[in-house]
Amino acid sequence: MDAPLPITLVFTAVFVLLSIPMAVAVGLRRAKTGILMLHGEDDDLLKRIRAHANFTEYVPLALLAMAGAELAGAPGWLLIGAGIVLLAARLLHYTALRGTGTGHGRTFGAGLTSLTMAVLGVTILLYLGGVAG
C-alpha cells in the first residue's frame, strides 16, 4: 500500500520520536524535585518545560505546512530539504534553550524554524495557484 504524504509522514515520525525524550526529561526533573505543577522556582525544570513546550508549539504547524505543500504537489527535494532544516533548527533551539537559555543557537533555531515555515507556506500558495509546477 502506498501511503499518502510519504515524506511528511517520515518527518512526522522522527519528530514524534524526538518529543518523547523531551517529555521524559520534564517528568524526570519533576520526580527528582517533587514539583508537580508549574516549575516551583526550579530553573532547570523551567528550561525543560519551555524547551519541550516550544517544540510542541512549532513542530505541529510546520508539519501541517509540510503536508499541505506535499498535497499541493511540491517536489520531494523541497520537502526533504525543509524537513532536514526544520529538524536541525528544532534540535539547535532545544539544546540552546536547555543550556544557557539564550544565545545564538536559540536565535538561529527559531529563525530557521520561521524560515522553513515561511517557505512551506509560500510553496503551498504557489503550487495551489498554479504559479509553480
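## Basis of the model

The structure is a prediction in which local features need pLDDT of at least 70 and side-chain atom pairs count only at pLDDT 80 or more, while totals for chains, interfaces and linings use all residues. Residues are numbered from 1 along each chain as its sequence is written, and side-chain values use heavy atoms, with hydrogens and water left out.

## Overall fold

The protein contains four helices and zero strands, where helices (H or I, at least four residues) and strands (E, at least two) are DSSP runs numbered from the N terminus. Along the sequence the pattern reads α-α-α-α, and the C-alpha atoms fill a box of roughly 55 × 35 × 20 Å along the principal axes.

## Packing against helix α3

Helix α1 (residues 6-33) packs with helix α3 (residues 76-98) at an angle of about 10°, their axes being 10 Å apart; axes are lines fitted to C-alpha atoms, for helices over the stretch in contact, and angles run from 0 to 180 degrees between N-to-C directions. The two helices, α1 and α3, are therefore roughly parallel (angles under 35 degrees count as roughly parallel, over 145 as roughly antiparallel, 65 to 115 as roughly perpendicular and the rest as oblique). Residues in this contact (heavy atoms within 4.5 Å) include F11, F15 and M22 of α1, and L79, L87 and Y94 of α3. By class, the contact of α1 with α3 has 14 nonpolar, two polar and two charged residues, with Ala, Val, Leu, Ile, Met, Phe, Trp, Tyr, Cys and Pro counted as nonpolar, Asp, Glu, Lys and Arg as charged, and the others, Gly among them, as polar.

Helix α2 (residues 43-72) also packs with α3, at an angle of about 170° and with axes 9 Å apart, which makes α2 roughly antiparallel to α3. The contact of α2 with α3 has twelve nonpolar, four polar and seven charged residues.

## A nonpolar surface patch

V85, L92, F108, L112, L115 and V119 form a nonpolar patch on the surface, with about 470 Å² of accessible area together. Such a patch joins nonpolar side chains (Val, Leu, Ile, Met, Phe, Trp, Tyr) within 5 Å, from residues with over 30% relative accessible area and no salt bridge; areas come from the Shrake-Rupley method with a 1.4 Å probe. Its largest share, four residues, comes from α4, whereas V85 is found in helix α3.

## Salt bridges

The structure holds four salt bridges, each a side-chain nitrogen of Lys or Arg within 4 Å of a carboxyl oxygen of Asp or Glu. In one of them D42 pairs with R29, the closest N and O atoms being 2.7 Å apart. Because D42 lies in the loop between α1 and α2 and R29 in helix α1, the pair ties together parts that are 13 residues apart in sequence.

Definitions and conventions. Patch = residues over 30% accessible without salt bridge, like charges linked within 9 Å, V, L, I, M, F, W, Y side chains within 5 Å.
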